[in-house]
Amino acid sequence: MKRYLIFALIGPSLGGFLLLIATTVMSGYWDKTSIAEIGKLFVIVFSTLQYSYLFGLLPSLMMAAIDDILAHVKGLQLPLRMLLCGALAFVATALMYGGRGADSGVKQFILYGLVGLVPTLLNSYLSRNVTPKEAVSA
């Protein structure tokens, strides 16, 4: 249960922030920036936080379920579990967001893939000690 709580609290907020950064970079808005514009970015992050949770909660909980399943596989160590979950999140997010619009390309695919990769790796690492000890092999 703790694993799902970790993924539900951190995943959508961090993913929403990274999605905002990715779309800002892709639009070319950050070519010439100032401190005031970075302040506007954080205002937008906090004003759109409810939408990040609305649209990011279910995918984050699905990744928590996959991480939970992989955590109960005997012989699967934490780095490999994190790599599998992160790769799946990268591909799923990149395919969902990255193939749209006239700017589709490698840069867009990687930026939008990182939106899924970073929160999943962080959440998977933070929930490393959640699995009961009898389920983990020695």
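Two rings of Phe, Tyr or Trp count as a pair if their centres lie within 6.5 Å, and a pair is called stacked when the planes are under 30 degrees apart. The model is predicted, and by this rule it holds 3 aromatic pairs.

**Stop 1: a ring pair.** Select Phe17 and Phe42 and show their side chains. Their ring centres are 5.8 Å apart and the planes meet at 15°, so this pair is stacked. Phe17 belongs to helix α1 and Phe42 to helix α2, and the two are 25 residues apart, so the pair links distant parts of the chain.

**Stop 2: the whole chain.** Switch to a cartoon view. The protein has 5 helices and 0 strands, which gives the pattern α-α-α-α-α along the sequence. The C-alpha trace spans about 55 × 30 × 25 Å along its principal axes.

**Stop 3: confidence.** Colour by pLDDT. The average for the protein is 86, and 91% of the residues score at least 70. Confidence is lowest in helix α2 (residues 35–47), with a mean of 86, and highest in helix α3 (residues 49–71), at 93.

**Stop 4: helix α1.** Select residues 2–27. How far apart are the end C-alpha atoms of this helix? They are 37 Å apart; with 26 residues at 1.5 Å a residue, α1 should span 38 Å, so the two values agree. Now select Gly11, where α1 bends by about 30°. A proline, Pro12, follows within four residues. Then go to Gly28, which comes after α1 and has a positive phi, near 80°.

**Stop 5: the largest pocket.** Rolling a probe the size of a water molecule over the atoms shows where empty space is left. The largest pocket holds about 610 Å³ of space. Select Phe55, Gly56, Pro59, Met96 and Tyr97, which lie nearest its centre among the 28 lining residues. The elements that give two or more residues to this lining are α1, α3, α4 (78–97) and α5 (106–126). Which helix gives the most to the lining? Helix α3 does, with 9 residues. To finish, colour the lining by residue class: 17 residues are nonpolar, 11 are polar and none is charged.

Notes
Residues numbered from 1 in each chain as written. Heavy atoms only, no water. Expected span 1.5 Å × (residues − 1). Bend = angle between axes of the 7 residues up to and from the residue. pLDDT = per-residue confidence, 0-100. 1 Å grid on protein atoms, 1.4 Å probe; cavity = no way out; pocket = protein on both sides within 12 Å on 5 of 7 lines; lining within 4 Å. Points joined across faces, edges and corners; volume = space filled by probe spheres on them. Nonpolar A, V, L, I, M, F, W, Y, C, P; charged D, E, K, R; others polar. Phe/Tyr/Trp six-rings, centres within 6.5 Å; stacked < 30°, edge-to-face > 60°.
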